[in-house]
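Visitor: Could you walk me through this model, one question at a time?

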Amino acid sequence: ISSHDDPKQLPDPFNDISIGGWEITDEPMGRLSVWAVSLQGRVWYREDVCHHNPEGSSWSLIATPGEAVQISCGPYDLLWATLWEGQAIVREGIDRNNPQGISWTIVEPPSSENGILHVSVGVNVVWAVTKDRKVWFRRGVNSHNPCGTSWIEMVGEMMMVNVGLNDQVWGIGCEDRAVYFRQGVTPSELSGKTWKAIVSGRESDRSQTGSSTSLLSAGCFFSDDVREQMSLIVQSDAEISSDTESPQIHPNLADTPLSDAAATINGNNGGSQSAEASANAAVDPLDSAPEEASPASDNGEKAGLEKPESSADQDPHPAELQWTNIDLKEAHKKPLLSASTFPETSSLSSLGMFSVGVEEHYGADEHPLWAWVCGGGCLVDSHSSLKWFTLQSGLLSSVQSLSLSISPAQTTAWRKQIFQQLSERTKRELENFRHYEQAIEQSVWVKTGTLQWWRSWKPHKWTDVRVALEQFTGNDGMRDSILFIYYMFHEEKKYLHVFLNEVTILVEVLNDAKHSFALYTPERTKQRWPIRLAATTEQEMHDWLALLSMSCCESRRIQGPPSHQAIWSITCKGDVFVSEPSPELEAAPHLMPCDQMFWRQIGGHLRLIECNSHGIVWGIGYDHMAWVYTGGYGGGFIQGLASSADNIYMQSDVKCVYIYENQRWNPVTGYSNRGLPTDRYMWSDASGLQECTKVNTKPPSPQWSWVSDWYIDFNISGGTDREGWQYAADFPTSYHGHKTMKDFVRRRRWA
C-alpha cells in the first residue's frame with residue numbers, strides 16, 4: 001500500500017500491524033482503525049480506512065515516548081503497545097471524533113527484571129506476556145480507565161497470547177508449542193478459569209491409517225447446525241498404494257451402493273513402502289451411486305494437486321507444498337475422484353498447513369511447531385459447546401462410519417430394550433422391599449474443589465490443596481457440616497478439618513495478588529492464625545464464601561433477616577456484619593466470651609452504623625451519604641438461595657485515598673525529594689512508615705475503581721501555601737501553611 005503523495009515513498013519496513021475500532025461509540029459504519037509499528041520503533045496510523053475505501057489514504061506518524069515493538073488494537077477504544085525497554089504504552093482519548101487518540105500513558109511491567117514482550121487487548125481486557133514467558137492479566141481495565149489498576153499473574157507460560165471476539169483468549173504454549181484456548185471467559189469473569197490445549201490436526205501429522213487426519217476435518221470444527229446443512233459427508237480411510245504412475249481404481253468403485261459407507265481404493269504394490277492417503281468423499285444423497293471417476297474434471301475442480309508418485313527408494317516424507325480444499329459447497333456436488341491427481345496425503349476437508357518455500361524434512365514423529373495464533377474471527381460465547389479438545393482416533397472413525405449405516409428404527413428398538421431392563425432392575429431392587437421400615441434416614445452431600453491454603457508451618461507460603469465440604473442431614477432434618485482440607489506434608493497426605501458450627505466469622509481478605517478469604521474459630525482467634533484459602537478467580541471465591549456462609553447459618557439454625565435484637569458491626573474495610581445474641585450472652589454467672597459470637601455478612605458498605613431494639617438500622621457511607629436498612633438479607637456475594645428476593649438494592653460508595661509527597665531542604669538545591677537515610681519515604685502514607693506512590697497505590701479491592709485522577713488536597717488541618725505544601729522543622733512535628741527560617745521539611749497531601 002503506497003502513499004498517495006508519492007507512490008514510491010513507503011515508511012520504513014513494518015514489524016507489526018493491528019486492526020480494531022469497528023465498534024467505537026456512534027462512529028460511521030464500516031470505519032476501522034489500522035495501526036502499524038515499523039522496524040525503527042515508530043507507530044503509524046492509517047487514515048480514512050472505511051467501507052468504501054478499505055485501503056485508506058495515507059500513513060500518519062504518531063509520536064511515542066519510546067521505541068515500539070508490537071501493537072494491539074481492540075474493537076472499541078482500547079489500544080496498547082509494547083516498548084523496547086519492556087514497558088507498555090496506552091493510548092488515551094480515542095473516540096468517534098478523534099480515532100487516533102490524544103496522548104500516551106506508560107504502564108510499568110509486572111516486575112522490573114522481566115519487561116513486557118507481547119500484549120493483546122479486547123473490549124475490557126488486556127493480556128500480556130513478559131520476557132520470562134509468564135502470562136499476566138490486567139485488572140480494572142474499562143473505557144474510563146484504559147490503563148487498568150494492577151497486574152495479576154496467570155498460571156502457565158506462553159510464547160504469545162491473542163484476544164479474539166467476546167474477549168476470548170488464545171495462546172501458544174511455551175514448552176509444547178501447542179495452541180491453547182482459555183476456558184471459562186465470561187463477561188463477569190474476564191480472566192477465565194484454565195488453559196486447555198486444542199487438538200489441531202495438520203496435513204503433515206502423518207498417521208498409520210490417515211484416520212486421525214481425515215477425522216480432524218473442517219466438518220469437526222464447525223458447529224452442528226452447519227454440519228446438518230451439509231447433506232451428507234461420508235468419510236473413508238482410503239489407502240492408496242501403487243507401483244505404476246497412477247493408482248488403479250477398484251472396478252467396484254463405480255457400482256458401490258450408498259449404504260456401504262466406506263469406499264476402498266487399492267492396487268498392487270511391489271515395493272515395501274506405500275504412499276498413504278486419506279480421502280474424504282463428499283457424496284450427494286440424491287444420487288444413487290457416484291459417477292465413474294474421470295481422469296480430469298470438466299469444470300476445473302480437482303480433488304488434489306497433481307504430483308509424480310515417489311518411487312520406493314525415495315524419501316517417503318518429502319516436504320511438498322500441500323493444498324487443502326475446505327469449501328463447504330463441495331458437499332452438494334458429485335465427487336470427482338481424479339485418477340491421476342491424488343497427492344501423497346490428501347484430505348478433501350482437513351485443516352491445511354502450507355509450508356511455503358520451507359525445505360525442511362521432518363521425521364516420523366516430528367512436525368512443525370506452532371508460532372502464532374489469532375482468534376479474531378472466531379465467535380465463542382459462554383454457552384458454546386466446543387469440540388476442539390479431544391483427539392478422535394482411527395477407532396472412533398470406524399465407529400462413526402458404522403453409525404452411518406444404523407437406522408433410526410434400530411436406535412428406537414435399543415432404547416426400548418434398555419428402558420425395559422432398567423425398569424425390571426428397579427422393581428427387583430426397590431419395589432419388593434418397600435414394606436420394610438427405614439433403619440436410618442440420613443443423607444450426605446459433598447462439594448469438592450481445588451483451592452490454595454496459606455500453610456501453617458514455616459516457611460509460610462501458598463500451597464495447592466483439595467477442599468471438601470460435607471453436609472449431613474440428621475433424623476431431625478437438621479444439617480451439620482465439616483470442611484476438610486487435604487494437603488501434602490513431606491510427601492505424605494494429611495488433612496485438617498473444621499466443624500462449621502464452630503466457625504465464628506468468614507471474611508474476605510483484600511489482596512492484590514490473591515482472591516482469598518479467612519475462617520476464624522474461637523481457638524484460631526486466640527492464636528491469631530485463621531485458616532486462609534485462596535481461589536483462582538473472584539467468582540469462585542464468592543461461590544465458596546456464599547456456600548460456607550450458608551452452611552454456617554444452617555449449622556447454627558439461623559435463617560432469614562437479622563432479628564430486632566441483632567448486634568451490628570462494621571469492619572475497617574467497610575463490610576457490614578451482624579450477630580444474633582444468644583441467651584447466654586448476658587446470663588450470669590457464665591457470661592459468653594465475645595470471641596464465641598457468630599457474625600454473618602450482610603451486603604453493603606458503610607463507615608458508621610446505628611441500630612435500636614425495634615430493628616431500625618441507619619448507616620453513613622464514606623461519602624457521608626445516609627442509608628437506611630430495608631429489612632432484606634444476603635446481598636453482596638451471597639446471591640440466590642440465601643438472599644431475599646426483594647428489598648435488595650444497589651449501593652455505591654465513594655471514599656478518598658490520601659498519600660503524602662515529602663521533601664527535605666538542603667543548601668544546594670533547596671527543597672528536593674532526596675531525604676536523609678533516616679527519613680521517611682518521599683512518597684508515603686500519613687504515618688510515613690508505608691511507601692505509597694501514585695502508581696503502586698491500588699483501590700482497596702476489585703469492587704472499587706478510581707473515579708478521579710490524583711489531585712493536590714488543600715483542605716488539610718494547619719493550612720497550606722498556594723502549591724499545597726505544609727512546612728515543619730522535622731517530619732513527625734506539627735505542620736503549618738507558611739515557610740519560616742526554621743523549616744527544613746515540607747509535605748503536601750494528594751487525594
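**Helix, sheet and salt bridges**

Guide: Helices (H or I, at least four residues) and strands (E, at least two) are DSSP runs counted from the N terminus. Bear in mind that this is a predicted model, where local features need pLDDT of at least 70, side-chain atom pairs count only at pLDDT 80 or more, and totals for chains, interfaces and linings use all residues. Residues are numbered from 1 along each chain as its sequence is written, and side-chain values use heavy atoms, with hydrogens and water left out.

Visitor: What is the distance between the end C-alpha atoms of helix 7, and what span should its 18 residues have?

Guide: Helix 7 covers residues 538-555, and at 1.5 Å a residue its 18 residues should span 26 Å. That expected span is 1.5 Å times one less than the number of residues. The end C-alpha atoms agree with it, sitting 26 Å apart.

Visitor: How many of the 18 residues of helix 7 are buried?

Guide: Buried means under 20% relative accessible area, exposed means over 50%, and partly exposed is in between (1.4 Å probe, protein chains only). Helix 7 is largely enclosed by the rest of the structure, because its buried residues number 13 of the 18.

Visitor: At what angle does helix 7 run to strand 18?

Guide: Helix 7 lies across several strands, among them strand 18, strand 19 and strand 20. Contact here means heavy atoms within 4.5 Å. Axes are lines fitted to C-alpha atoms, for helices over the stretch in contact, and angles run from 0 to 180 degrees between N-to-C directions. Against strand 18, the helix 7 angle is about 135°.

Visitor: Which strands stand at the edges of the open sheet of seven strands?

Guide: The order is 21-20-19-18-24-23-22, with antiparallel pairing; two strands pair if DSSP finds at least two bridges between them. Each edge strand has a single partner, so one side of each is left without a neighbour in the sheet: these are strand 21 (492-499) and strand 22 (505-509).

Visitor: Which residue of strand 23 stands opposite Val507?

Guide: Strand 22 and strand 23 (residues 515-520) pair in the antiparallel sense over five bridges. Ile505 faces Tyr520 in strand 23. Opposite Val507 stands Ala518.

Visitor: Which residue forms a salt bridge with Arg600?

Guide: A salt bridge is a side-chain nitrogen of Lys or Arg within 4 Å of a carboxyl oxygen of Asp or Glu, and the structure holds eight. For Arg600, the closest N and O atoms are 3.7 Å apart, and the partner is Glu580. The pair links distant parts of the chain, 20 residues apart, from Arg600 in strand 27 to the loop that holds Glu580.

Visitor: Is Arg528 buried or exposed?

Guide: Arg528 sits in the loop between helix 6 (522-527) and strand 24 (531-535). Its phi is positive, about 55°, although Arg528 is not a glycine. With a relative accessible area of 66%, Arg528 is exposed.

Visitor: What is the omega of the cis peptide bond that joins Lys458 and Pro459?

Guide: Pro459 is in the loop between strand 18 (443-454) and strand 19 (462-473). For the cis bond between Lys458 and Pro459, omega is about -5°.
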